[in-house]
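Dear colleague,

Please find the structure below, together with its sequence. A summary of the findings follows it.

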Amino acid sequence: MYISSYSHFTQLSLCRQHLSNISPGYYCQNGLRFKCKEGTYGETSALFDDNCSGFCPRGYFCPENTVHPIPCSPGSYASGGAKECTSCEVPLTVPMEIKNNMCRNDRSCCFDYDTN
């Protein structure tokens with residue numbers, strides 16, 4: 001337990017020296033700055049957790065170094081922690097109005113349209 005606490009304080013100390021370099025989309029560990037990894041986002045500066053601000057929410061995707069989660073396009077979906085959205089391969093005959101109203105947070109959304 002003592003080593004863990006010491007390690008945590010050492011990490012914070014090293015990172016504090018570089019706070020001006022830890023902008024949104026980045027986090028600090030052991031005094032080094034890293035980009036937020038795919039599937040996570042970093043909305044604030046001076047983050048210390050490798051999950052940054054958290055995992056990308058359902059219906060959004062987060063490529064590496066994301067500051068704000070990006071919504072999936074109509075006709076695609078993403079579950080939590082996604083680095084990209086998955087296309088539903090909705091037929092071209094489905095009007096854009098229907099695609100715009102489809103959910104975007106689960107594979108079941110791909111079947112959430114009615115062509116009749």
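The notes below move from the overall fold to the aromatic residues.

This is a predicted model, in which local features need pLDDT of at least 70 and side-chain atom pairs count only at pLDDT 80 or more, while totals for chains, interfaces and linings use all residues. Residues are numbered from 1 along each chain as its sequence is written, and side-chain values use heavy atoms, with hydrogens and water left out.

The chain contains 2 helices and 8 strands, taken as DSSP runs (helices H or I, at least four residues; strands E, at least two) and numbered from the N terminus. Their order from the N terminus is α-β-β-β-β-β-β-β-β-α.

Of the 116 residues in the chain, 30% are buried (under 20% relative accessible area; exposed is over 50%, partly exposed in between; 1.4 Å probe, protein chains only). Among contacts (heavy atoms within 4.5 Å) between residues at least 6 apart in sequence, 31% join residues at least 24 apart.

The structure has 1 aromatic pair. The ring centres of Tyr27 and Phe34 lie 5.4 Å apart with planes at 25°, so this pair is stacked (rings of Phe, Tyr and Trp, the last by its six-membered ring, pair if their centres lie within 6.5 Å; planes under 30 degrees apart count as stacked, over 60 as edge-to-face and the rest as tilted). Tyr27 is buried at 10% relative accessible area, whereas Phe34 is partly exposed at 33%.

Arg33 sits over the face of Tyr26, 4.0 Å from the ring centre (NZ of Lys or CZ of Arg within 6 Å of the ring centre and within 35 degrees of the ring normal).

Yours sincerely
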